[in-house]
Amino acid sequence: LAAAGVAKPKEVDWEAQCNGILDVRRLVSHHPEVLAPDLHSLLLVVLPAVDSLRSYLAKSACQLAIEMLQVFGRQMDAELEYLVPVLVKKAGEASFLSAAADSVLATGTECTTDARMLSALLNQAQHRNTA
């Protein structure tokens with residue numbers, strides 16, 4: 001996943017990246033204690049997949065984000081400043097993936113501290129995108 005996040009699009013093995021997401025989902029479900037010390041690094045590797053143009057990859061990454069929020073809960077508070085901007089961007093797109101991003105944001109509001117989620121969302125509301 002890390003190599004795919006920084007590779008040029010033509011060099012990326014999408015199947016391997018999807019398999020990596022599935023492997024991480026299994027770890028989150030069955031062995032979260034293994035991932036807990038490195039949540040920040042893990043999230044930084046997953047974010048490019050959430051923003052991917054490959055719909056299957058982006059949807060799988062959104063599902064992983066939901067599972068991470070559900071399992072790690074308030075441990076994810078510090079990661080909201082990185083996660084929310086990508087999700088807000090994806091939620092604003094006109095595609096079926098906007099619903100997946102909305103689901104992640106909704107899960108975040110349920111599983112993290114209200115003040116941290118509100119702060120991350122307000123930061124995005126104040127951000128002006130000229131595009």
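A115 is found in helix 8 of a model that is predicted. The secondary structure of the protein chain comes to eight helices and zero strands, and from the N terminus on the elements run α-α-α-α-α-α-α-α. Of the 131 residues in the chain, 39% count as buried.

- The buried residues of helix 5 are L57, A58, S60, A61, C62, L64, A65, I66, E67, M68, L69 and F72.
- In an α-helix there are 3.6 residues a turn, so residues three or four places apart point the same way.
- The cover over the buried residues of helix 5 includes helix 2 (14-30), helix 3 (32-35), helix 4 (39-50), helix 6 and helix 7 (97-111).
- Just after helix 5 comes G73, which takes a positive phi of about 50 degrees.

**Helix 4 against helix 5**

- A pair of packed helices is described by the angle between their axes and the distance between the axes.
- For helix 4 and helix 5, the axes come within 8 Å and cross at roughly 150 degrees.
- Because angles over 145 degrees count as roughly antiparallel, helix 4 is roughly antiparallel to helix 5.
- This crossing of helix 4 and helix 5 is left-handed.
- On the side of helix 4, the contact is formed by L39, L42, V46, A49 and V50, which meet L57, A58, A61, C62, L64, M68 and F72 in helix 5.
- By class, the residues of this contact between helix 4 and helix 5 divide into twelve nonpolar, no polar and no charged.

**Helix 4 against helix 6**

- Helix 4 also packs with helix 6, at an angle of about 10 degrees and with the axes 10 Å apart.
- Since an angle under 35 degrees counts as roughly parallel, helix 4 is roughly parallel to helix 6.
- The residues H40, L43, L44, L47 and V50 in helix 4 meet Y82, L83, V86, L87 and K90 in helix 6.
- The contact of helix 4 with helix 6 has eight nonpolar residues, one polar and one charged.

**K90 in helix 6**

- K90 lies in helix 6, and it counts as buried because its relative accessibility is 3%, where buried means under 20%.
- Leaving aside neighbours within four places in sequence, K90 is in contact with V50, D51, S52, A58, L97, S98 and A101.
- One of these residues, A58, is 32 residues from K90 along the chain, and the C-alpha atoms of the two are separated by 9.4 Å.

**Helix 6 against helix 8**

- Helix 6 (residues 80-91) and helix 8 (residues 114-126) pack with their axes 9 Å apart and at an angle of about 50 degrees.
- That angle makes helix 6 oblique to helix 8.
- The crossing of helix 6 and helix 8 is right-handed.
- In this contact, L80, V84, P85 and V88 of helix 6 meet R116, M117, A120, L121 and Q124 of helix 8.
- The residues of the contact of helix 6 with helix 8 divide into seven nonpolar, one polar and one charged.

- A115 counts as exposed because its relative accessibility is 52%, and exposed means over 50%.
- Although A115 and D77 are 38 residues apart in sequence, they are 9.4 Å apart in space, C-alpha to C-alpha.
- T113 lies in the loop between helix 7 and helix 8.
- With a relative accessibility of 24%, T113 counts as partly exposed.
- Setting aside neighbours within four places in sequence, T113 is in contact with R74 and D77.
- T113 and G73 are 40 residues apart along the chain, and their C-alpha atoms are separated by 8.4 Å.

How values were computed
Residues numbered from 1 in each chain as written. Predicted model: local features only at pLDDT ≥ 70, side-chain atom pairs only at ≥ 80, totals over all residues. Heavy atoms only, no water. Axes fitted to C-alpha atoms, helices over the stretch in contact; angles between N-to-C directions. Helix = DSSP H or I, 4+ residues; strand = E, 2+ residues; numbered from the N terminus. Parallel < 35°, antiparallel > 145°, perpendicular 65-115°, else oblique. Left-handed = near helix turned anticlockwise from the far one by under 90°. Contact = heavy atoms within 4.5 Å. Nonpolar A, V, L, I, M, F, W, Y, C, P; charged D, E, K, R; others polar. Buried < 20%, exposed > 50% of the residue type's maximum accessible area, 1.4 Å probe, protein only.
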